[in-house]
Structure formats: structure tokens, C-alpha cells
Amino acid sequence: MTILWIIERLLVKPTEGSLTNVVITADWRCNGIETIGDDVKSRDCTGTCYGSCSFAPPSGSFTPYPDLTQSQVLGWCYANGVDQAAIEANVSLQIENQINPPVVTLPLPWVPVAEIVAVAEVPVA
């Protein structure tokens, strides 16, 4: 299974005291994917979780907006209440439930199942 975290959007205050372009909120998404089956017949099972994280004005070191990295902003999110382990577990469970559904729909036992009749194709001369 592959888990990928991304920052989709940053909300920025143009000025905060003497600082410019100060990030106040990050919108994040955690995506997961697992391909099941073989090369002939496979399918992707996916899961996702998203949210926003707000930040207090910076006190101490400040990274100018153009120098920010996605990894740095994700670190801020994790340090400010985004529970990385719980969210990844949620995404993993979404995928697991597609692979092994906890609830399924069966045909009604009193309704006959229609038989599928194979029809041979006749070549046209």
C-alpha cells in the first residue's frame, strides 16, 4: 500500500507585524492506493482523508513563503494536532474494506438466479 500526504492549499496573511506572506492555514490530504490482482486482471483500491490545520503567528524563526517546502508545512500540521498515524490508519482501513468488505449484498434466497445461456456466434459469409 502506498500512502501519500500532500498540501493542497495555503491560506496566507499578506502582513503579520513586520513579516510578509505568513501561512495561517494549510489544507492537507492523505491518499492511499493498493493495486490488487495480477497483470491481466487488476484493480486499484483507494482511500483518502483531508482536512485543514491552522497555525498561530510565528514566534522565533520564520521561513519566507518562497522557501517553504511541502515537507516543512506537513511537519507543522503534525505538530499542531493532525494525527498522522490515526489518519493513515483510517485510509488503510478504507482500502482494506474494499479488498475484504465487512458487509456484502447476497441474492435473496427465495428468488431464482437467472441462468446465463451462452450463445455461439455464427460467422457471416
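**A guided reading of the predicted model**

Apart from its neighbours within four places in sequence, Ile-87 is in contact with Trp-5, Trp-28, Cys-30, Cys-49 and Val-82. The largest nonpolar core has 18 residues, and Ile-87 is among the members that touch the most others, together with Trp-5, Ile-7, Trp-28, Cys-77 and Val-82. Five elements each supply at least two residues of this core: strand E1 (2–16), strand E2 (19–37), strand E3 (42–54), helix H1 (70–79) and helix H2 (84–99). The greatest contribution comes from E2, which gives four residues.

The overall plan of the chain may be considered next. The protein contains two helices and three strands, and from the N terminus on, these elements follow the order β-β-β-α-α. The radius of gyration is 25 Å, whereas the globule rule gives 14 Å for 125 residues; the protein is therefore more spread out than a compact globule. Along its principal axes, the C-alpha trace spans about 80 × 45 × 25 Å. Of the 125 residues, 19% count as buried. The protein exposes about 9200 Å², and carbon and sulfur atoms supply 57% of this area. As for contacts between residues at least 6 apart in sequence, 61% of them join residues at least 24 apart.

Charged side chains come next. Side chains of opposite charge can pair when their charged atoms come close. In this model the count of salt bridges comes to three. One of them joins the side chains of Glu-8 and Arg-29, with an N to O distance of 2.7 Å. This pair links distant parts of the chain, since Glu-8 lies in strand E1 and Arg-29 in strand E2, 21 residues apart. Glu-8 has a relative accessible area of 44%, so it is classed as partly exposed.

Another salt bridge is formed by the side chains of Asp-27 and Arg-9, again described by an N to O distance of 2.7 Å. Here too distant parts of the chain are linked: Asp-27 belongs to strand E2 and Arg-9 to strand E1, 18 residues apart. Arg-9, at 47% relative accessibility, counts as partly exposed.

The remaining salt bridge brings together the side chains of Glu-16 and Lys-13, at 2.8 Å from N to O. Glu-16 counts as partly exposed because its relative accessibility is 22%, and Lys-13 is likewise partly exposed, at 35%.

Asn-21 has a positive phi of about 50°, although it is not a glycine. Its relative accessibility is 36%, so Asn-21 counts as partly exposed.

The surface provides the final stop. Leu-108, Trp-110 and Val-111 make a nonpolar surface patch of about 350 Å². Is Trp-110 buried or exposed? Its relative accessible area is 64%, which is over the 50% cut-off, and Trp-110 is therefore exposed. Trp-5 and Trp-28, by contrast, are members of the largest nonpolar core.

Definitions and conventions
Residues numbered from 1 in each chain as written. Predicted model: local features only at pLDDT ≥ 70, side-chain atom pairs only at ≥ 80, totals over all residues. Heavy atoms only, no water. Core = buried A, V, L, I, M, F, W, Y, C linked by side-chain atoms within 4.5 Å. Buried < 20%, exposed > 50% of the residue type's maximum accessible area, 1.4 Å probe, protein only. Contact = heavy atoms within 4.5 Å. Patch = residues over 30% accessible without salt bridge, like charges linked within 9 Å, V, L, I, M, F, W, Y side chains within 5 Å. Areas by Shrake-Rupley, 256 points an atom, 1.4 Å probe, with all protein chains shown as cover. Salt bridge = Lys/Arg side-chain N within 4 Å of Asp/Glu carboxyl O. Rg over C-alpha atoms; globule rule 2.2 N^0.38 Å.
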